[in-house]
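I opened a new page for a protein I had not looked at before. My plan was to start with the overall layout and then work down to single residues.

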Amino acid sequence: MRLKNVLITVKDMEQSKKFYHDLFGLDMILDNDGNMILTEGLVLQDAAIWQTFLGKEIIPKNHSCELYFEERDIDAFVQKLESLYPSVQYVNRLMTHSWGQKVVRFYDPDGNLIEVGTPV
């Protein structure tokens, strides 16, 4: 068995598709009308459809998980993030952990937590 996909909910599919393409180079593989599969196994699910399916409220910024990406040139990534999405909300700006890894944490447009770090 293997993990195939990770699904996150989004309110605006086109905005989220652009966000993940602009910052991470993810491209659409399949669009199933409210359920979009991107490269690297990320699935964007229309929040209204997901909420109806589950019968439960969707809670943005719930801090129960994060999407983690690695980037060797993190300084260039942060410049791109600030240039393309100047109003992005940070959890923490670029910092260095005690073990030497540089990381930045922020939210996507729907409150999904993202961490980008240098390889360890």
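Predicted model: local features only at pLDDT ≥ 70, side-chain atom pairs only at ≥ 80, totals over all residues.

Here are my entries, in the order I looked things up.

**Entry 1: what kind of model**

**Entry 2: the overall layout**

How many helices and strands does the protein have? I counted 3 helices and 8 strands. Reading from the N terminus, I wrote the order down as β-α-β-β-β-α-β-α-β-β-β. Then I checked the radius of gyration, which is 15 Å, close to the 14 Å that the globule rule gives for 120 residues, so the protein is as compact as a globular protein of that length.

I also looked up the box around the C-alpha atoms: along the principal axes it is roughly 45 × 35 × 25 Å. The accessible surface comes to about 7,600 Å², and carbon and sulfur atoms account for 52% of it. As for what is hidden, 39% of the 120 residues are buried.

Next I asked about contacts across the chain. Taking contacts between residues at least 6 apart in sequence, I found that 53% join residues at least 24 apart.

**Entry 3: the open sheet**

I went looking for sheets and found 4 strands in an open one, ordered S5-S8-S7-S6 with mixed pairing. Why is one side of S5 and of S6 left without a neighbour in the sheet? Both S5 and strand S6 (90-96) stand at the edges with a single partner strand each, so one side of each has no neighbour there. On average, neighbouring strands in this sheet are turned by 15 degrees against each other, direction ignored.

I zoomed in on one pair. S6 and S7 run antiparallel and are joined by 4 bridges. Within that pair, I found Met95 opposite Val103 in S7.

Then I checked what lies over these strands. H3 lies across S6, S7 and S8, and it runs at about 20 degrees to S7.

**Entry 4: the strands around S4**

Is S4 mostly covered or mostly open? Mostly covered: 4 of its 5 residues are buried. I then looked up its partners. With S1 the pairing is parallel, over 5 bridges, and Leu7 has Val43 in S4 as its bridge partner. With S3 the pairing is antiparallel, over 3 bridges, and there Met36 has Leu44 in S4 as its bridge partner.

S3 and S4 form a hairpin with 3 residues between the strands. In that hairpin I spotted Glu40, which takes a positive phi near 70 degrees.

**Entry 5: the nonpolar core**

I turned to the largest nonpolar core, which has 25 residues. Which of them touch the most other members? My list reads Tyr20, Phe24, Leu44, Phe77, Phe106, Ile114 and Val116. The elements that each supply at least two residues of this core include strand S1 (6-10), helix H1 (13-24), strand S4 (42-46) and helix H3 (74-84). Strands S3 (35-38), S5 (67-70), S7 (102-107) and S8 (113-117) are also on that list. H1 gives the largest share, 5 residues.

**Entry 6: single residues in the loops**

I started with the loop between helix H2 (47-54) and S5, where Lys61 is found. Lys61 is not a glycine, yet it has a positive phi of about 50 degrees. It is partly exposed, at 35% relative accessible area.

His63 sits in the loop between H2 and S5 too. Its phi is positive, about 60 degrees, and it is not a glycine either. Is His63 buried or exposed? It counts as exposed, with 52% relative accessibility.

Last, I looked up His97, in the loop between S6 and S7. His97 is buried, with a relative accessible area of 17%; the cut-off for buried is under 20%. Apart from neighbours within four places in sequence, His97 is in contact with Val103 and Arg105. Val103 was already on my page, as the residue opposite Met95.

How values were computed: Residues numbered from 1 in each chain as written. Heavy atoms only, no water. Core = buried A, V, L, I, M, F, W, Y, C linked by side-chain atoms within 4.5 Å. Buried < 20%, exposed > 50% of the residue type's maximum accessible area, 1.4 Å probe, protein only. Pairing = 2+ DSSP bridges. Axes fitted to C-alpha atoms, helices over the stretch in contact; angles between N-to-C directions. Contact = heavy atoms within 4.5 Å. Rg over C-alpha atoms; globule rule 2.2 N^0.38 Å. Areas by Shrake-Rupley, 256 points an atom, 1.4 Å probe, with all protein chains shown as cover.
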